[in-house]
Each structure stands twice: as C-alpha cells, then as structure tokens.
Amino acid sequence: MSDGMKRRDFLKVLGVSGAGAGLVGCSTDQVEKLMPYVVPPEDITPGVATWYSSVCGECSAGCGTWVKTREGRAIKVEGNPNHPVSGGALCARGHASLQGLYNPDRLSQPMRRSGNGFEAISWEEAESLLAERVGGAGNRMALVTGKEGPTLSGLLDGIVETAGARRVEYEPLSEAPLREAARLAFGRDVIPTYRLDEADLIVSFGADFLETWLSPVEYGRSFTHAHAVDADDNKGRFVFLSPRLSLTGQNADEWVPLQPGSEAVVALAMANVLVRGGADAGPYADLLQAYTPESAAQEAGIPASTIEELAVAFGEADSLALGPGVAAQGANATAANLAVLVLNAVAGNVGSTLQVGVENRAAPAASHRDLMEVVDAMDRGGLEAVIFYGANPAYALPPGAGFADALGSVGFKVAVTQQMDETAALCDLVLPVRHSLEDWGDANPRPGLWSIRQPTMVPVPHFDSRPVGDVFLTLARGLGQDVDSGSFHEYLQARWEERHAALGSPGGTFDEFWREALRTGVVTVDEETQAEPSLQAPDRALTFDRPSLEGDGMTLVVYPSSRLGDGRGANKPWLQELPDPVTKLAWHSWVEMNPETVEEMGLRRGDMVRVRSPHGEVEVPVSPYPGVRRDTVAISMGAGHENYGRYADGKGVNPMSLLPGTAEDVVGSLNHLAVRVQIEPTGQWRRLATIEGSSDQYDRPIAPAVQIEDLRAGIQDAERYPLYELQGGGGFLPVPVPGGGAPEDYPLAGAQYGNYDPEENPRWAMAIDLDKCTGCSACVVACQSENNVASVGEDQLMMGRDLHWIRMDRYFEEVDATQPGPVDVRFLPMICQHCGNAPCEPVCPVYAAYHTPDGLNGQIYNRCVGTRYCANNCPYKIRVFNWHRFSDVPEPLNWQYNPDVTVRDEGVMEKCSFCVQRIRERQNRATVEGRILGADEVVPACQQSCPAEAIVFGNIRDPESRVAQVSQDQRTYRIYDILINTQPAVNYLRKVTFHPVTSIEV
Amino acid sequence: MSAATGTAREGLLASYEYLDSTVDTITELREKGFEEITAFAPFPEHHIEHALGYHHSPVRLFTLVGGLTGAAAGFAFTVFTSMDWPLVTGGKPIVAIPAYVIPAFEMTILFGALATVIGVLYNMRIPDLKGDVVYDPDFSSGKFGIYVTAPPEQMGTVRSILETHEPTQIQTDPKGRSHG
Amino acid sequence: MKKQLLIALAAFAAVLGSLAFVQAQSNGGSADAQAQTGPPHVNPFEFPHEPHVAVNNIDCMYCHFSAERSKSAGHPSMASCMGCHAYVQGDAQAADINQLREFWDAREPIAWERIYRVADHVYFPHMRHVAAGVECADCHGDVGYEINVVERVQQPLTMGWCLNCHIEQGASLDCTVCHY
Amino acid sequence: MATATEKPRGAQTHPDIRSYGEVNEDILQMLSRPGKWWWVLLGMSIAGIGLLAFSWGNQIINGIGVSGLNTPVGWGAYITTFVFWVGIAHSGTLISAVLFLFRARWRQSIYRAAEAMTVFAVMTAGLYPLIHLGRVWHAYWLFPYPNQRLLWPNFASPLVWDVFAVTTYFTVSSLFFLLGLIPDIAAARDQSKVGTLRHRLYKAISFGWRGTDRQWHHFGKAYLYLAALATPLVLSVHSVVSWDFAMSIVPGWTTTIFAPYFVAGAIFSGIAMVITILVPIRKIFGLEKYLTTKHFDAMAKLCLVTGLVVFYAYLTEFFMAWYSGKPSERAVFWNRAFGSYWWATWIMLTCNGIIPIMLWFKRVRYSIPALFVITLFINIGMWFERYVIIVTSLSHEYIPFAWNVYRPSLTEMGIVIGTFGWFFFWMLLFIRLLPPVALAEIKEVLPPPMRPKKKEVAR
C-alpha cells in the first residue's frame, strides 16, 4: 500500500464537485466535468457507502468507531457496535471529529516565524530546520504532548530517550489523582474499572461520568442499564453529591448540594457509618474515627441524617461510589479520590462494582506540576528547543503560570499541530499534521483492549499535511536514532508484528491478524488478572479536609464542558452551536448562579458581570441556574480562545484566567477549586444565545413522570390517553384504544382519513424512553452530521433561529440547592412527531408538507416557498427555517455533507425526516436483493448514536418490531395527543422517579 | 322601440335645463308616436327611465350565469386538481369539499363580477370611441337632452314638440344615427 | 335575450376548455420541459459507443458496472479502458486511442463532459430502475446503435418526464421517493 | 314635482350646493394644477417606495433572515401589515356596496375616495404575501396553473384561500371602482380642453360614455348586481384572512369568533382610515359643501359601533381563555396582557377600546379635528391589534421550552413604512387624475332643477 500513488488516485474522486451544491437551481450554463478514476479503488462503488473501522481521537476514552465514506470522503462517524467502549454509540464530540478533519482553519502548509507573523515554507525546509535546531539542542530539549496512542507514545519516548531530554504527557483534565489514589489504597497504579451496570445505588461525588469523566459513552450505556427502569419495574438509584448539578447530576434521583471541597470528608463519614455498622475498614479504621457524620455534615453544610441514611443505603445495596470529578479537584484531590475508593472498599464493592484487579501498564499522564517544571526550565533558559504536539498549554494554563513569558526564552519552539492554536502562535516552526481520521495510529483505552486506527480517506487535499508519526520519525532519524521504518505506517505495523509475536500469534499469521484487526476495529488481549486487593495503608500523609480557598466572595467552580471538552472542540461549529445540556446556552460563556443569589444581587438573566478573583477577571453574562449552591458560581472550561480559528476566537471566556495555577499536594494536578470570586455588575446586558424559552412546563403534559410505586401498581387505563368519541345518543365515551400506539391502533380513531393504503404500507414510528435519556445531546449532533443540518452562528441563535432537528428540551421540575433532596430534571428530545393528523400539512399552500403513504410527515424542500405557516401551526415547534443560506460553509467543511440528503437553500423549511434517506436506502437495497424489509432494519442517526439506547425506531404496524413492543409499555404517552388530536408517531415513555410527582393529566 | 319606416332619417338634439321639461317632452313625443328617442342625463334619473318605459336589464342574466359558472368551475377545478395527484394532508380526505367551498365561493363572485361587467359594457354599447355623434358636453355637467330621429318629413313636428318645452339649444343631425 | 345567454354559455365553455387544456398540458409536458442544448463539447476526443456496443457487443454493465447495485451508474475508470486498450489498437480511431494511452501514461483522468444530471434535490437510484427492468435505452437512447457519441436524447430530465413513466408503470408517486 | 314648502331632495345631506354645474366645477377643479404640498407629499411617497424597494431588495438578496422573525414567531410585521391593509381595504367596498344596498344617504360624497382607498390598500396588502415568502421567486407556485410537474396548489390551505380571496377582491373592487368612474371621467372629458393629454386620456378611459338613457339604465342595474356580489365578498375576504389564523391550532388564534371579529375590525379600521384621509382632503380642496359634518357624524357612528364590537371581541377572547381552563390558552392571554408584549396589548386596548368611547359624544363626532386625532389613534391601534394577535400567540405556544420573543428588524420597519409610501403614491395620483368625489351620485341626491313656478302658470 504505497501511499503516494493511491493518494493521487483518490483525489480524482467522482462527484466531489457536487458536494456543496444544494437547492440552488437546476439549470447550469457551465460544462460540468465527469472525472473518472484512473485506477478505481477496489472497495469503492460510486453511490454506495464504504465503512472503515477506526478509533475516536477526541478524548482519551478511545471509543471504537465506524467511519462512513462516500466516493472517498468521510461523511459520518458512528460508534463501532463491536467495540466494548463505544458499544455502537458515540458522543457529540466524537461526531464532530469530522469538523476537525474538514476544518477550514487547518493549516495548509508548514510555516516559519517571520517577524510577528509566519511565512510559508516547504516541508523539506521545515524538516531540515527541525533536525538542525532540535538536533542541536541535545538534551536541552523538551517534548510536550497530549496522551497519545501506545505506538506513537513509544516513538516519542524513544526520541526523548535518544536525546536525553524530557517528555511531558499533559492532559488538562488529569486522571493523575485517581490513579495515585488507587495506588495508595490498593497498591495498584491503575484507573479502576467501574461497573455501573452492576450497581443498584450509584453515588457520584461530582464525577461527570455522562459528560467528560473517563469514558462518557461507555458509562452512559452502563448507567442506563443500572438506572433505567427494567421490565420488572426495578430501577437503580443515583445520588449526586456536588455543589453544582452537572448534566450527570441532573440525571440523579437525589442531589446533595454539599460545600465545594467537602466530598472527601463526606465519603469518609459515610465509611465511618458503615464501620460503625460492622464493616471492615482495614488500615483506615482509625482514620475514619475522626470523620463522624456530624463533623462531616458541619463541614459540608448538609444534615448529618442525610449522610447517615445514604451510608446505610450504600452499605445495603449493590452500590458504587464514583468521583470526585475534575470540577471538584482542589488541594485535596488525591485524598478525595482515596476517600471515595475507601468508601467503596468499606462497603465491599471492590471486586464487584469496582475492579482494580487489572494492572494498567500504560504510563500515567503527567500532571500540572510536571508541566510547570518544564515551564520553570524554560524560564531559567535551560531549554534550547521545545516541541508541542497535542497540547495547548498557552490556552490551558492559568496566565499566572507565566507560560508565554517562559516560552519566550526558549531558542526554538515547534508546534506539530493540525491547526493554529494559542501555543503554536508563539512557536517558531509550525508543522501541519494529519487528522486522526486521515492517519494511522492505535489506541489502548484500557488493559486488554486495543484498537488500530486506519486512515479512512486520503488526506484532505486542501492541506499539505504529513502524518504526525512521519514527522517524529524524521526527527528521530535526524537525532541519529536507528529507526527501521520509512513511514509511521510501517513503524506501526512493525511494532504490531512484534506485539503479535509476543502474544503468541493470535488470529493466525500477522497479515491475517492485521487485516482482521483493521476490519473489526477491536483487538482484545487476555491480560493477566490479579486477585482483587484489599485496602492497604497509604504510604504518605494526606489531608482530607476541605481546602482553603483564596480570596473571598463566592466559591468558583470551573468545570470541563461537555461540548468543548477542555477547549479542543471549540473550533467546531457543531459543538459551539450545540446548546449546553445544562444551561441550553451556546457559542458564548456564562456564569451559573443560583436564581436567588441573582435576585438578591439585583441582577437579571443576561446581565454582564465581572467575575474577579485574586488572579484575574472575566466578563460574562449571568445564567441563573437552580442547580448551583447559593454560595457558589460556576464557569465552564473550553471557551475564550484567542487564536484557535474562526469559530472559536472571541467566543466566551477562559475561566483558567481566574485560577492561581497552584498544584495539588500529592500528584500536582491543577487545582480547579482554588478561589473565591467577587461578582460585580457591569451595567451591561447581552442577549443570550439559547434555545430555551422556559424551563417550566407549567403542569402541561409534555414530559410527565411516574413514581415507581405507582408504576408498580400499574398506570390506570384512564390515565393512558384514551380518545373520546361523540356518541350517537349524545355524550362522549372513550374509544377503545388498548395500548398507547400499539400496532393495531393504527389508524387511530378519528384518523380514518389520511391513510392511503393501510394494509401494505409500513407505519414508521419511534419510541423514546425518557427514563433512559440522559440529555447528553449526542443525537443532536449525530442528526446534524447525517442530515446536513447547518449551523447558524451566535447572532442567529440569539434571534432564536437554530436549525437543529432535535431540540433537547429540558424542564426543571424539582431542583433545590438549599438542602439535600430529590432532583427531577426532565429531558425530552423533541423531534418531528410525524403526526398522523398533522396540523402542519393542510396549511401548506403548495403541498411541500404532506403525509407519505408510509406514515411520514414529508417535507419536500424543493417545493417549499417559505410561508412558514407549517412552523406556526406545529404544536411541537420542531420545524426550523433557513433564514439565510446557512449551508454555504467554507471549504472544505462542505466535504462532510451527506450526498444522500439535499443541502437546503435559504427560504426553505426543514425538520426531522425520520432519516428518510436511510429508509429509502434500505428499501432500495431490500428490493434489489428481492427480500422484505425488516421491521427493525432501518436505524436513524439519533437511535444509532444514543449511548443510553433510549430511542427505538421501526415499523409499528409489525407487531414483532421493537418499536411496537416498546410502545406497549404502560409508561407510553404521546405529547398533546388527545388535547389537539395530532396522532403523533413518536411514543414517549415516561420518566420514572422515586419521589412523588404531581400527576398531570396527559 | 322602432317604428321606423324607410331608411333615410334625420335627427334633432335638444338640450334642457329642467328635469320636468325633459320628462314632459319625452312623454309628449311618445304620445305623438315618436319612439326613436335617446335621452341624456347627468345622473341616472328614473323619471326619464319611466317616461321611456324601461323595465328589466338583461345584465342580471350575465351575473347569474357568470356566478353559476364560477361556482361550478370552482368546485370542478379544486376537485379535479386534488384527484389529479392525491396527496393526504393533515388526515383530511383527498377531496375535502368543505375546504373547497371557499375557493369555489370566491370564484363564484369573481366570475359573476366579470360577467356582469362584460354584460353591462355590451348592453351599454361601450367602449364606443367614435367622436362624431351629436352631443352636448353640458350633459355630463347639469343639462338634460333629448335626441330624436325621424323621417325627414316628420322633422317639423318633432322640432315643434321639442321647442314647446323651452330647450336651451337644438342641434340638427342630418344623418340621424342611433345613439345605440 | 338569447344572444346574452349564448355569450354566457360561451364563457362557461371557455372555462371547461381551459380545464381540458390543463389536462392536456399535464400529460404532454409544456415548453419548459424541452431538452436544453448544452454548451459546446469540450472533450479531448469523443468516445464512440458504436464500436464498443454494436460491433463488439460489450454489455452496458461491463463498464457502467454499478448501475445495478448503486444509485449511481458510475463512470468507467481509465483502468477499465486500458484493460482492453492496452492491447486493442482500434483502426478507425487510432489517434483517439493513442490519446487515451497518453492520458494513462501520465496517470491523468480524462475530464469528460457530463451529459446527464438530475437536480441536486432529486435522488435517482439506478439500481431500482435496472431491477424493475427499465432498459438503459429507455432513458439514454439507443446508445451504440443509433447513437454513437452520447448526447441527450428523448428526455428532458424534468419532473413531468419522470412522472409520466412512473404513472405508466404504476411506480410510486410519493414525493419522498425521489426528494429528501 | 317639488313644491315650495317641500324640502328639496338632498338638502339634508348637502344644503350648500346650489346646482349640478357647481358640483362639476367644484370637484373637477381638484384635477387642475397641483399645489406645492401635493408635490412634497408625492416626493415623500416616492421616497417611501424607494425605501420599500431598497428594503425588499435587501431581503431578497440576503434572505428573509434580515427580518426579525425566528422559529416560534414565523409571522410578524409583514403579516401584521398585510392584515392591516386588507382591513383598510374593507371600508371602501362597505361604503360603496353595502351602504348602496341599504340606501344610506350619506355615502355619495365619500364612497369614491373610499373605493380608491380600497383598491390601493389591496394593492398594498397584496405585496405582503410576496414579501413574507422565504423564496419569493417561487411565489407563482401558489397559483393553479398547468405545469409539467403535474403539481397543483393545496386548496385546503388557508393561504390558497387567501390567494383566491385577495385576488378576487382586488379584481372585483377594481371593476366596481372603474365602472363607477366611467360617467365621471366622461364629465372630466367634457370639461377638459380638447386636444390636451388629459382630454385624450379621459376620452379613452370614459369609453365613449354619453349618459344616454340606455347607458344609465344598464349602468344602474349592473351597479346594483356588482354591489350585491361585493357585499358577500367583502365579508368573505376578511373572514378568509381571519381563517389564516383561526384554522390553525395555535392558542390565541384558533377561535370561532375570528371571522366576525376580524370583519368588524376591518370596517372599524377602514372607516377610521377614510376619516383620516378625507379630513385633509376636505380642508385642502375646500370640500366642506360635499363632506359635511353630517357625513363625518355618520362615519363616526359606524366607527363607534364596529369599535364596540371589536372591543367586545377583545374582552370575549380574554373571558373565553379564562373560562376554557386550557393552560396553553390561558397562558397566551396572560402573556398578552402582562408578558413580553404587554405594551402592544395595552396600546391596542387603549386605541381601539378606550379612545373610541369619546365618539359617544355628539360634540366629538361633529368636531373634525377631534375625529382626525381619534381615527389616527384607531389606525395605530388596529395595526397593533394584528401585531398582538399574530406575535403574542406564536411566541407563547404549547411547548414552553420553545417560547421566544420577536422584534421587528430595521428591514421590516423599512418595508412597512415603505408600503405607506406606495399606498399614498397611488392615492395622490388618484386625487389629481380622477374625480375624487362622485359627480353623478351627488347629483342624484340634489334637488333636480325644475321649471320656475311662473312658467308652470304660464303653461
């Protein structure tokens, strides 16, 4: 597979020219060219998608993916169902990796510093410069990288070893405290394995495991298995202890709004209660004596009874405690992690829900302190050259760290990167490298699980990039290292050949193994498992107490964004425009404050305030949020870039500028919980870019819930949405409709019209289980990716013009920050309901909205004239309008467009189509293959992507279909069905709560 | 209204200031057997119409047929187009007659009005842009007028009748055309 | 009176006539459905279908192989050409074949003028049509026999043209079959 | 025949007009050389048209997004102003057709101007369905015409009803207007100098009218039939416009009272606009003889009656919302009165409900300046009525999470203001080119000239 030849061939891709075209018009005066392949790639049939397995490179979780390509372009990323981490699902950031691949701000050629700017140079010049300057630096060189795949990591380590230099593997969201805590508690240097699906009671001390913590997609799935109500009406409980209710917390059944930093003492106090009840705490028994529920309660600002009750329940159930997360990381981060592990151990969870038996051989990611040592070395003039790859310290470090100044004293700075960032802007040489979807690589997300990443397409021709491995191989050779391989591809294969041999040649010859590994995307290796250890005494002194904070005023919580991560996603319009699952704001930053605090301070939603810490200040609008303590404010990480591309620059603020940049005592991770801030009104106000109108459903039957006891008693028929019918003799009687949305119910009474041919046609329908939905919004981005849904930008969003086909509605039913208690946040993915009796259809003057014979609510873009009457008349408000030509995106972002979906022009209404292109594709395929289309064969993008498996789609007229079966559930309801007789095709299953809920007549 | 004998006719146009003079003149002319009378007035004056013996106008037939055509066409058209390519909207029947009442109603009015206008123009014999008929511009301002045609031998009688009622002016029209 | 009735009836007839016209139009296809004449040819040389199809009896699907399994009929690669023309030296068009080989040697694709293209908002799955027994020639003309150099024939690639066939063949008339 | 003691016909309506000839003289002098102010107003109107062209052009080039509309509020200032102008258009046909059928004595002086206003208001309103389209270049798809795609419009859609209603209304009211003008254009022809441009124009468009008995006979009948057709039409048009809203399921829109409520509102606003326009015309052209305080009194009474109907409808809506107990319905009306758009609602209630109460007083009805001011307020209030109905309902529908507010953009304001320029442009041309007061019909209500008594004795 020589790269050179094939790359050129790939470029001559059929039909690429048509990619960006839309509804602009039919006739053209230009001669359109038809470019044949010179040599056709054997795995590509024009018009048929080719799938490659790969690994997502957006965070360190390592989700296995399948990448859909058409005519040589990657157009969609989906979870690899064979992969144990992703399980077929993917998060929003994973979907958006395509926008990293096609990002118009990727660098198009190597650049060298020239005065204040850069000048383009050739790769040859760049490489000789690199070899000369870095080679000349000898051991006065440092390599700052992110957490890379094992093979690349090995190559990088080899380079620094040859040079006698130092490599820092830096991740802003550091797992180091957890790893160290596991070592302290169990003597194992591992990240423990959390089996959420085995637990009946999950207690999270602020770990945002549905968003950013370790492996959100995997935990999303296993959380659902534990927490969603099952066929026997059993449901696991989830308690969240944190000063701020994150998205993960919003999925909890109970919220304990404790004082920031008091997680450790509460965990220890819980363990204390268990020990008093007879549990064995091993070497920690003495330590626990000091942490009584009473003292912890005082420390945490919560009633002691809460701790005691929770501890008792924790001891009784199959329980699991997780955390604390990054947002709670303060000076006691390692101690807090240790406390939670001790709690698990005391409750006897080790070996069942918490597993530490597998040694993880991958080196730990370095911490903030390690990086600061490099910064110090730079500052002292101790470094001649420094190379950055996959790390952006200029953005991620608090300004107090003095990174920019220190970097100035380094002779030669190199950034190996895909696009300009704050660090690269300070460097002398910038080398553009491939995106992970164009490059070879591997991943080792956890012991025994490997994935090989293959290029899914030829490099995007707009950018003269090189594989990152090749760049470092060249460097290695320049440094005199003896490397056997000409390219990283060969290097990777060589390493794997060694590994294959070392493992005893599983799967036959190496070639067979390799091909199979690329095909399936998963390599599993049996790791030697050790017995689950018992607690051991910590080998160093630890402080569990609440850390003291600098400054005075409100405690500042800086949390990682579920959309932008640590800031890496900031230049992707899909992620910027994805409304934050918690606040429903997008594009800009905000400060979350308790509504009562906001009122006390005389502020309003959207008022600009100056948040001032002893170390800096930022100006952000206020977003009142009941899920944050009254003495706490919270700002999300990830925004506020200055030099990261057109979609990121100047959007929001970087809360890092408020932090002192102090390191934690034990492992030296960055203290996120470190300061108190002053909130000063500026007198300014800004309109927030949000999709949220009201977070109160005003007792309307939109997202109802049922208490689990009521569910077990059975929801009465009267509550199950009967249709009423006028009787001949007067009066109304319910129409006999046995199950909500059961197949035999179609056509529903009152909808006898509007069915073309009821016998033969399918009736496409969907069921969404709101007890499973976590509101993570992965479906929103998956849908954007599949359906060419455009991003509109901050200004348009501020006007209320988002184009998302899925609107993740979120209603606060019960959120109380003043005391521990039940929390009830209702998520509702609102999509086109494909009503049988659709109000949007008859009002369209030109039949652009109509009902298809298979029950879809068709929207024919090219017929639409844009009266917007259909959107006015849609009770669910899911129709969105192209106010401008939003589909005009800069090259090569348009390469992502799905060629099977029309790109919409301005002035056209659009909405969820139930992925009709997938239905038609499957139907075409089935017909050509001469078979009947299976009832569950069509999987829309949202269902495919949902980590919680909350969405089921299919032909509800077929009683065997999953959607028909799921819709038989007694929790099923249809929004506003009997109120306005719309006969929707989307069946929602009510959320199940532990606390009593106000019953709403649906 | 024609009692004409022979082809050669002459005409006389008399202008009057007073309505009663005009009406009396017409009455007298008709009593004397002169039926080829055209009266002019600055506004619709029913005394004159009575004197000339008008009853119904055929314009109403135009209105009726136009309106019925519109109604039929309205229903036919809406029903035909919705059956031409049956598309269901909002669970309504393909041919949703109640909804089509409205376009059909509007077409009833439209066709009725158009037919009425065509009918009235036809019946009024306008547009008629021939400028050479005898006419007194004061008719549109405030004067009444009577134009009578008769065979030349009876012109004397006519003139004397016209002059009895104190016309402000009498014009002679040797060609004796009808005013339509 | 009779005359007015006749006129009214004529108006009604005009309405019916226009409806008939409408019906006729919808089945026939109107002026905007005419084939467009494209810009001048810009190909390096014209590909002759006749020697391939008529003389050598090469099946359409040999080169346009994906027509039966993909939405796209595909366009043969340079390698497909060279599969034969590495050996086959045509007599009649030796110059063209030499040109083909030059392109091949330079590893350059030949940019052919595109003849058939449906609008971006239309999805035309070739495979369904092939599976349903539609002959290539039904849409593309008798390529290879009557047509040597491919040109737009018979059909305007307009919606009405598609629909006529769908109506005749009883294929689906649902909008979302082609538009999504 | 009249006697000396008998009060002459029309003396009650126009006591100061002495002869038929005087009518022609007074009215047709309006068509003579325009004054400076006319040119100033015309210039302003043309500037308004320029603003309209610029704003609309901007919208066509840059997309409908230059408006302030958003996802829940898909209709805003455009449809508001559309309904406003359609409403204005109703008074003309009402006065000319309905009052004609009811033989109301006071319509003669005002109906011509009101009819012209109708035609121009429909011309203005008709722009808005085009303006508000996302893809105006495909607007012709709304019309049923044979095409190769075999596609027809959806006759079940209220918007297609609208197309039919508005085009029919425009056609019929134009025919009505033009037919009524024929005798008066003939009068203008007869008084203009032969050979001038005006004479040739009037000659052409008077179609050779001579005022013969035959012409008057058929004319009168045709006028009656047209009036009979126009009367149901005028009611249907605003009903259809109201059904654009009432046929939907939007809370705040979907109510059965909309059709009569809108028709009453249309008449209310139309009469108010007639008064607003006639007051300056009367003053400038010295038409006090023709537009007497009695005329204004009659119009003010009509205004008062329809205003009360409208106000009653407002209160009924609130009452029904409360009584229905439907949460979405209640929320919409609560939001109307006290939510984001409270100001618009209270402008509406004040201008249309409170201020017209002054019309109960005879002194107010007889005071021309007072009427002018009150009707100006009514015009403003009626614009806001439509704004309130359209915007507040859409912004506050079934799904609270999707609530949002809408603010008109500069482009929208430009277009709305610009269409006033468009309307007044035609109005100004009209009062200079065509007799703005009906000559023949005024004469109908004047006492006919009779022979002096002595002559009768002599005979």
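**A walk through the chains of a predicted model**

Let's start with chain B, for which the domain assignment gives domain 1 (10–54 + 132–173) and domain 2 (59–124). Keep in mind as you look around that this is a predicted model. Taken over C-alpha atoms, the centres of domain 1 and domain 2 of chain B are separated by 45 Å.

Next, zoom in on helix α5 of chain B, which covers residues 155–164. Its buried residues are B:V158, B:I161 and B:L162. If you look down the axis of α5(B), these buried residues fall within an arc of 95°, so they line one face of the helix. On the other side of α5(B), you will find B:G156 and B:S160 exposed. What do the buried residues of α5(B) pack against? Their partners in chain B are the strands β1 (10–16), β3 (144–150) and β4 (169–173), together with helix α1 (19–31). Just after α5(B) comes B:E166, with a positive phi of about 55°.

Chain B also has neighbours. In its contact with chain D, 58 residues of chain B meet 56 residues of chain D. On the chain D side, α1 (20–28), α6 (158–191), α8 (213–246) and α16 (439–445) each supply at least two residues. Which of the elements gives the largest share of that side? The answer is α8(D), with 17 residues. By residue class, the side of chain D that touches chain B divides into 33 nonpolar, 14 polar and 9 charged.

While you are in chain D, have a look at how helix α3 (residues 77–101) packs with helix α9 (residues 258–285). The contact of α3(D) with α9(D) divides into 9 nonpolar and 7 polar residues, with no charged ones.

Chain A touches chain B too, through 13 residues of chain A and 7 residues of chain B. On the chain A side, α25 (840–843) and β34 (849–851) each supply at least two residues. That side of chain A is made up of 8 nonpolar, 4 polar and 1 charged residues.

Within chain A itself, there is a division into domain 1 (176–355), domain 2 (554–685) and domain 3 (705–993). The centres of domain 1 and domain 2 of chain A, taken over C-alpha atoms, are 26 Å apart. Here 23 residues of domain 1 are in contact with 24 residues of domain 2. Helices α6 (176–186), α8 (247–250) and α13 (333–346) of chain A each supply at least two residues of the domain 1 side of this contact. The residues on that domain 1 side divide into 12 nonpolar, 8 polar and 3 charged.

Our last stop is helix α11 of chain A, residues 293–300, where A:P293, A:A296, A:A297, A:E299 and A:A300 are buried. Seen down the axis of α11(A), these buried residues fall within an arc of 160°, so they line one face of the helix. They pack against α9 (263–276) and α12 (304–316) of chain A. After α11(A) comes A:G301, whose phi is positive, near 70°.

Definitions and conventions
Residues are numbered from 1 along each chain as its sequence is written. Chains are lettered from A and ligands numbered from 1 in the order in which they are written. This is a predicted model: local features need pLDDT of at least 70, side-chain atom pairs count only at pLDDT 80 or more; totals for chains, interfaces and linings use all residues. Domain bounds come from an automatic or database domain assignment. Two residues are in contact if their C-beta atoms, placed from the backbone, lie within 7 Å. Helices (H or I, at least four residues) and strands (E, at least two) are DSSP runs, numbered from the N terminus. Ala, Val, Leu, Ile, Met, Phe, Trp, Tyr, Cys and Pro count as nonpolar, Asp, Glu, Lys and Arg as charged, and the others, Gly among them, as polar. Axes are lines fitted to C-alpha atoms, for helices over the stretch in contact, and angles run from 0 to 180 degrees between N-to-C directions. A residue is buried if 20 or more other C-beta atoms lie within 10 Å of its own, exposed if 12 or fewer, and partly exposed in between; C-beta atoms are placed from the backbone. The arc is that of the directions from the helix axis to the C-beta atoms.
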